[in-house]
Each structure stands twice: as C-alpha cells, then as structure tokens.
Amino acid sequence: MTVHAPTPPAKQMLSEQVYAHLRNAIMRGEYAPGDALKPQDLSRQHGVSLAVVREALVRLVGEGLADRLTNRGFAVPAFSDDRWQQIGEARRTIEPVLLRMSIERGDVNWEGDVRAAHHRLARTPAFTPEEGEYYSEAWAEAHRVFHRALLAGCGNPVLLETFDRMWIASELARRWSTHRNPDRDGIDEHRWLEEAALARDPDTAADILTRHLTLTTAVLAEQEG
C-alpha cells in the first residue's frame, strides 16, 4: 500500500489562504460565470507556487465552485452548466421530504431553533455596501442556518449531511439569481416557511419550500435562454 506524505503545514496554510480568497472572490461576483481561473496568473498574483494554487482550485472544484476543464485548466461554472438545474432538482426532491419529517418529529426545541433562526435572518441586512451590491456574508450565513434549522428536526444526520453538501454549490447559484432578480421578496418567502412549519402544516410548508427553491434556478435558466 502506498503511503502519501502529509502536506507540509506551511504549504497547507498557503493553500487555505488562496482557497479562501478565491472562494470569497467567486461568491462576491468578482469573477463572472465562465471566467477562467488560470493557475499561473493566480500563482503570480498570490506569490505562491503552482502546486499551492492547484490544491486550492481542486478544493473549489470539489465544492462545485469551479470546473476543471480538459486541457484548459479551471474556470468558474457557467450559467449554462446543467449542474444548477440538477442541484435544484435534487433540493426540491429531498428538502420538502426532510421538512415534512421535521414537522412530524420536531420537538419544542426544534420550534425554538426555527423561530430564533428566522428572527436572526429577518433582522440581518441582506446587502452591505462594503461587501457588494447583492452580497452580505452575515445574511448568507443566517440564511443557511434558517434553512438547516427547518430540516434539523428530521433527526437524520445522514440526510442533513446531504443538505450541507448541496448547499455550498447552490449558494453560488442563489447569489447569481439574486443579482439577476433583485426584486424577489425573500422576506415574505421565509416568513411563510416559518409560519407553516411552526403551524405543523406539512403540505403547505412543503409546497412553499418547493416554490422557494424553484425560483432560484428558474431565474438562471431564463437568463441562459
């Protein structure tokens, strides 16, 4: 059996820094959909080796935030990438089921977590000028916590891990969708979700969540079409 030597701590730290910078830049929209991510240019820009840059890019590929192109390096995913519709379909298939399970199984602590998560989301500004016209890291995290809180009552950590994996890539699609459709009333959509869940109305809650998830990828499909 081949034993691979561990990554040296210094290289690992540099790779983490490059990864974090690129991830934030992609999420902030500093790279447009389809833009090339050229390892040599990034190596010069960050003053690190090609190996460090490639390690960071491979990690982004694994999260769905970059594509590895045959003989052409790396790039930000394009609007036309089928993955957005595939992720949207997967989320519409899985998450309403988890929400129904949460409504059936969730206890008073689950109710409190949902209410607190929605309160935080509703009180967090969706956009901050210093982070970008359609971007706020604090709101994005509050948004993730709210959606996960809704589903956490299902009591199945394996299913929740599936949600976590899909969320990262779908978050990029959401940010692009927000930029294309800034007038979307997300405040009401999230309030309706909270109300239906806490009213223990699984049919209404699942329907609202399905429509909520559909709007994001629908905007991307319209833009490409």
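Which residue forms a salt bridge with R191? In this predicted model, the partner is E195, with the closest N and O atoms 3.3 Å apart. Both residues lie in helix α8, four residues apart, about one turn of the helix. An α-helix has 3.6 residues a turn, so residues three or four places apart point the same way. R191 is partly exposed, with a relative accessible area of 30%. E195 is also partly exposed, at 41%.

Helix α8 spans residues 186–198. Its 13 residues reach 18 Å from first to last C-alpha, close to the 18 Å expected. Buried positions in α8 include H190, L193 and E194. R200 follows the helix and has a positive phi, near 55°.

The structure holds 15 salt bridges. One of them joins the side chains of R23 and E63, at 3.7 Å from N to O. R23 lies in helix α1 and E63 in the loop between α3 and β2, so this pair ties together parts 40 residues apart in sequence. R23 is partly exposed at 21% relative accessibility. E63 counts as buried at 17%.

D203 and R100 form another salt bridge, with their closest N and O atoms 2.9 Å apart. D203 belongs to helix α9 and R100 to helix α4, so the contact ties together parts 103 residues apart in sequence. R100 is partly exposed, at 36%. E171, R174 and R175 are linked in a salt-bridge network.

Three strands form an open antiparallel sheet in the order β1-β3-β2. β1 (36–37) and β2 (67–69) are the edge strands, each pairing on one side only. Three bridges connect β2 with β3 (residues 73–75). L69 stands opposite G73 in β3.

Technical notes: Residues are numbered from 1 along each chain as its sequence is written. This is a predicted model: local features need pLDDT of at least 70, side-chain atom pairs count only at pLDDT 80 or more; totals for chains, interfaces and linings use all residues. Side-chain values use heavy atoms; hydrogens and water are left out. Helices (H or I, at least four residues) and strands (E, at least two) are DSSP runs, numbered from the N terminus. The expected span of a helix is 1.5 Å times one less than its number of residues. Buried means under 20% relative accessible area, exposed over 50%, partly exposed in between (1.4 Å probe, protein chains only). Two strands pair if DSSP finds at least two bridges between them. A salt bridge is a side-chain nitrogen of Lys or Arg within 4 Å of a carboxyl oxygen of Asp or Glu.
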